[in-house]
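This briefing describes one protein model for a computational reader. The sequence and structure are shown first, and the notes follow by topic.

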Amino acid sequence: MTRIKRGYIARRRRTKIRLFASTFRGAHSRLTRTITQQKIRALVSAHRDRGRQKRDFRRLWITRINAVIRENKVYSSYSKFIHNLYKRQLLLNRKILAQIAILNKSCLYMISNEIIK
């Protein structure tokens with residue numbers, strides 16, 4: 001009987017995993033069992049940190065808005081500013097407000113004057 005070469009599917013699966021882990025260091029990019037563990041760990045971290053990134057950016061925007069508002073005596077606090085924005089139905093999200101606060105402060109003054117009226 002002729003010799004049967006086996007393992008095409010398994011080898012294909014392992015090479016696919018190895019391509020994912022090619023940038024890892026040491027045994028984490030060479031040993032199959034370690035690669036699968038590290039792949040799971042990397043994907044868990046990526047999933048967790050996508051949520052954390054949204055949280056961190058929102059905190060950054062709020063901090064920037066609060067700093068500009070207090071620095072220029074536009075409002076006494078961030079929460080009052082946002083509350084009055086919602087009362088006047090000027091729906092600007094925090095990302096846009098933070099960009100306005102940093103790049104174009106005069107526009108932020110116009111917005112605050114619109115709220116006060």
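How many helices and how many strands are there in the protein? There are five helices and zero strands, where helices (H or I, at least four residues) and strands (E, at least two) are DSSP runs numbered from the N terminus. The model is predicted: local features need pLDDT of at least 70, side-chain atom pairs count only at pLDDT 80 or more, and totals for chains, interfaces and linings use all residues. Residues are numbered from 1 along each chain as its sequence is written, and side-chain values use heavy atoms, with hydrogens and water left out.

**Overall form**

- From the N terminus on, the order of elements is α-α-α-α-α.
- The protein is more spread out than a compact globule, because its radius of gyration is 26 Å, well over the 13 Å that the globule rule gives for 117 residues. The radius is taken over C-alpha atoms, and the globule rule is 2.2 Å times the number of residues to the power 0.38.
- Taken along the principal axes, the box filled by the C-alpha atoms is roughly 95 × 25 × 20 Å.

**Surface, contacts and charge**

- Of the 117 residues in the protein, 21% are buried; buried means under 20% relative accessible area, exposed over 50%, and partly exposed in between (1.4 Å probe, protein chains only).
- The protein exposes about 9,600 Å², and carbon and sulfur atoms supply 55% of this area. Accessible areas come from the Shrake-Rupley method with a 1.4 Å probe; for residues, only the protein chains shown count as cover.
- Among contacts with a separation of 6 or more, 42% are between residues 24 or more positions apart, a contact being heavy atoms within 4.5 Å.

**The H1–H2 loop and helix H2**

- Ser-29 is placed in the loop between helix H1 (8–20) and helix H2 (32–71), and Ser-29 counts as buried because its relative accessibility is 17%.
- The side chain of Ser-29 reaches the backbone oxygen of Phe-24 at 3.3 Å.
- Not counting residues up to four places away in sequence, Ser-29 touches Ala-21, Ser-22, Phe-24 and Ile-35.
- Thr-34 belongs to helix H2 and counts as buried at 19% relative accessibility. Beyond four places in sequence, Thr-34 touches Ala-27 and His-28.

**The H2–H3 loop and helix H3**

- Val-74 lies in the loop between H2 and H3 and is buried, at 14% relative accessibility.
- Not counting residues up to four places away in sequence, Val-74 touches Ile-69, Tyr-109 and Ser-112. Val-74 and Tyr-109 are 35 residues apart in sequence, with a C-alpha to C-alpha distance of 7.1 Å.
- Leu-85, in helix H3, is buried, with a relative accessible area of 1%.
- Leu-85 touches Leu-90, Leu-97, Ile-111 and Ile-115, not counting residues up to four places away in sequence. From Leu-85 to Lys-39, 46 residues apart in sequence, the C-alpha to C-alpha distance is 45 Å.

- Gln-89 sits in the loop between helix H3 (78–87) and helix H4 (94–103) and is exposed, with a relative accessible area of 65%.
- Gln-89 is not a glycine, yet it has a positive phi of about 60°. Most residues other than glycine have a negative phi.
- Glu-114, in helix H5 (residues 105–116), is partly exposed at a relative accessible area of 37%.
- Not counting residues up to four places away in sequence, Glu-114 touches Arg-88 and Leu-90. The C-alpha atoms of Glu-114 and Ile-96, 18 residues apart along the chain, are separated by 17 Å.

Notes: A polar contact is a pair of N or O atoms within 3.5 Å; within protein, one must be able to donate a hydrogen and the other to accept it, and residues adjacent in sequence count only if both atoms are side-chain atoms.
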